[in-house]
Amino acid sequence: MNGWLLAAAVVLAGGVGATLWGVATGPLRRRVVAQNLSSALACPILLLLSQGYDRPSYVDLALVLALLGPVGTLVFARLLADELAGDPPRAWGATWAAAGVGAGVVLALCAATAPGRATVKLLLTGALLIGGNVVASRALAGGFRGVRRG
Amino acid sequence: MGVLPYLVAVWIFLAGCYGLATSRNLIHAVGCLAVCQSATYVLLLAVGYRDGATAPVFSDVEPGSRPVVDPVVQALALTDVVVGATVTALLLALVVQISKRHGTVDPDELSELRG
Amino acid sequence: MADALIAVALLLVAVSATVAVVTRDPVRQALVLAVLGIVLAVLFTVLQAPDVGLSQLAVGSALTPLLLLLTVRKVRRRAQDRDGGR
Amino acid sequence: MSPRLRLWLVCAAGSGLAALLVAACLDLPGFGGDRHPYGDRAVDASLARRTANTVASVNFDQRAFDTLGEMSILFAAVLGCVVLLRQTRDEHRARPEPAHVDRPVRRYTLLVLPVALLTGLYVIAHGQLSPGGGFQGGVVAATSLHLLYVGADYRALERVRPIGVYEVGDALSASAYVVTGCAGVLAGTAFLANTLLPYGTFNTLSSGGTVPLLNAAIGMEVACAVVVLLARFLDQAVEIEEVRSL
């Protein structure tokens, strides 16, 4: 029994399953928040899988997702600014919970791997993940208020 | 597991086809086509999987120390993901052009225009 | 354990693909497609295909939504211009 | 055709197709089976040529001709987009108003842009070693440039993106792939045969003969192609307007 894979399965079934429900139903503001959370939760899953399969090179996927996931959310925030302006989504509780999951996973992996280049990459991924998702949430909550056209 | 992954690929493909046929908006139809495409990736990778194996990438494991999955199907799927995205872009460009010429992106209204 | 992970990922992919098809509004469909891309990337990783997963992440997380939303914006703007001009 | 009739037709055809597909699935070799003759041979061939990432070896060595075809599809798709989305006579350009972006969002995008660009180049450069390669890295690098549109301003993006340069780069890298293939013919072997360069040491940046070269050509091609594509779409969505005929 591999604990890392078990944790990944739990986060996948619980976390990403819940965001899938969120993105499938409800008003637009709930859906964009769910999309942001899905990338925030998938990144720790990829890190856990990398550790669970004992393949350090899988961390590249988490790094790319930590970079591009928030970019995707910013795209939605930017191009849907008009639709979201009337009733901006505020989901700081869920955002910080996802950030907490990410931080916990990164710290656990740092403790499990020997210090070295892998640790630096993990910490970079974690910083990009948490920073990116907090900024993306901020952008959804009215970061592009002035954008009308363009 | 048995045939579950193959059946999931079939389900995704059929769902995409259903969406394509009943779509009332060409942009939505292009999205459904993207869903259909993803069915082929799932099928290819399911065919290449081997129980208890790992990725055929030897930058961090010793060659021969662990069984590996089939790299050929992965190479097929990987190029198609990126090329498929540009083809999606081409279709979206066609949609933009249609909306310019006919002022609508509803396939039903378009066929009425033709008479 | 690996089998359970694959089953969960397959199930999520099937559900999100179905949701993407039945969501008729293109903007909302773009959101579902972004989630589908991420779930597919996780599935490819558990099927031991990190190369394909990376491809899917690169394309699905930002590029496809951007293309879809830009098209929606162009089509809607044209419709607005037309209605405003009349 | 009425929608109702069409739905019936779709259901009938779909159920027939579903039955055939399910029957085919039941005949496929079982999921997770141990028999992968092609895969095993591909892995052996890749290791013989000292390419650590077998998938890159399949793409840029054993099936390099196939990748040439994929690249042509990509090139043709971009060409089609450029032609379809050009500015026509009854359209004019309107300058978009500068966007107001929250300061943390703007700072974040300006901070992440170089990191994402570097990650894209890293993914391309390590294509023949770790997961990644020209296809993935090219998309990441091209997407990272568009952070300027998302986080700053469309005009800022236009300043760092002289579109002609990327169009030329697209064509150049496509021809670089063909030229590398022809070099094999001139050297007396076959088109795109990986016999030209020494295979190098296993698991280093220069190992694998022509694999890193073809990989880099594809990386540049994909990056330029995506930049050109998005530029056309942004032009249409943000700048180009129809002249109103009142």
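Visitor: What share of chain D is buried, and what makes a residue count as buried?
Guide: Buried residues make up 43% of the 246 residues in chain D. A residue is buried if 20 or more other C-beta atoms, placed from the backbone, lie within 10 Å of its own; with 12 or fewer it is exposed, and in between it is partly exposed. This is a predicted model: local features need pLDDT of at least 70, side-chain atom pairs count only at pLDDT 80 or more, and totals for chains, interfaces and linings use all residues. Residues are numbered from 1 along each chain as its sequence is written, while chains are lettered from A and ligands numbered from 1 in the order in which they are written.

Visitor: How many helices and strands does chain D have, and what makes a run count as one?
Guide: Chain D has 10 helices and 2 strands. Both are DSSP runs, numbered from the N terminus: a helix is H or I over at least four residues, a strand is E over at least two. From the N terminus on, the order in chain D is α-α-α-α-β-α-α-α-α-α-α-β.

Visitor: Why is chain D called more spread out than a compact globule?
Guide: Compare two values. The radius of gyration, taken over C-alpha atoms, is set against the globule rule: 2.2 Å times the number of residues to the power 0.38. For the 246 residues of chain D the rule gives 18 Å; the radius is 23 Å, well over that, so chain D is more spread out than a compact globule. Along its principal axes, the C-alpha trace of chain D spans about 65 × 55 × 40 Å.

Visitor: What does the globule rule say about chain A?
Guide: Chain A has 6 helices and 0 strands. The rule gives 15 Å for its 150 residues, and the radius of gyration is 16 Å, so chain A is as compact as a globular protein of that length. Of those 150 residues, 57% count as buried.

Visitor: Why is α10(D) called largely enclosed?
Guide: Count its buried residues. They are 26 of 29, so α10(D) is largely enclosed by the rest of the structure.

Visitor: What makes a set of residues a nonpolar core?
Guide: Its members are buried Ala, Val, Leu, Ile, Met, Phe, Trp, Tyr and Cys residues, joined through C-beta atoms within 7 Å. The largest core has 210 residues; among those touching the most other members are A:Leu46, B:Ile12 and B:Leu45. Helix α10 (residues 211–239) of chain D gives this core its largest share, 20 residues.

Visitor: Which residues does B:Leu45 contact?
Guide: Two residues are in contact if their C-beta atoms, placed from the backbone, lie within 7 Å. Leaving aside neighbours within four places in sequence, B:Leu45 contacts residues including B:Val73, B:Ala77, C:Phe44 and C:Val52.

Visitor: How many residues does each chain give where A meets C?
Guide: Chain A gives 37 residues and chain C gives 33. On the side of chain A, α1(A) gives the most, with 12 residues.

Visitor: Where does UniProt list "transmembrane region" in chain A?
Guide: An unreviewed entry lists residues 61–81, 93–115 and 122–141. Positions follow the numbering used here, feature names are shortened, and annotations may be inferred rather than shown by experiment. In the model, residues 61–81 of chain A are 95% helix and 0% strand. Residues 93–115 of chain A are 87% helix and 0% strand.
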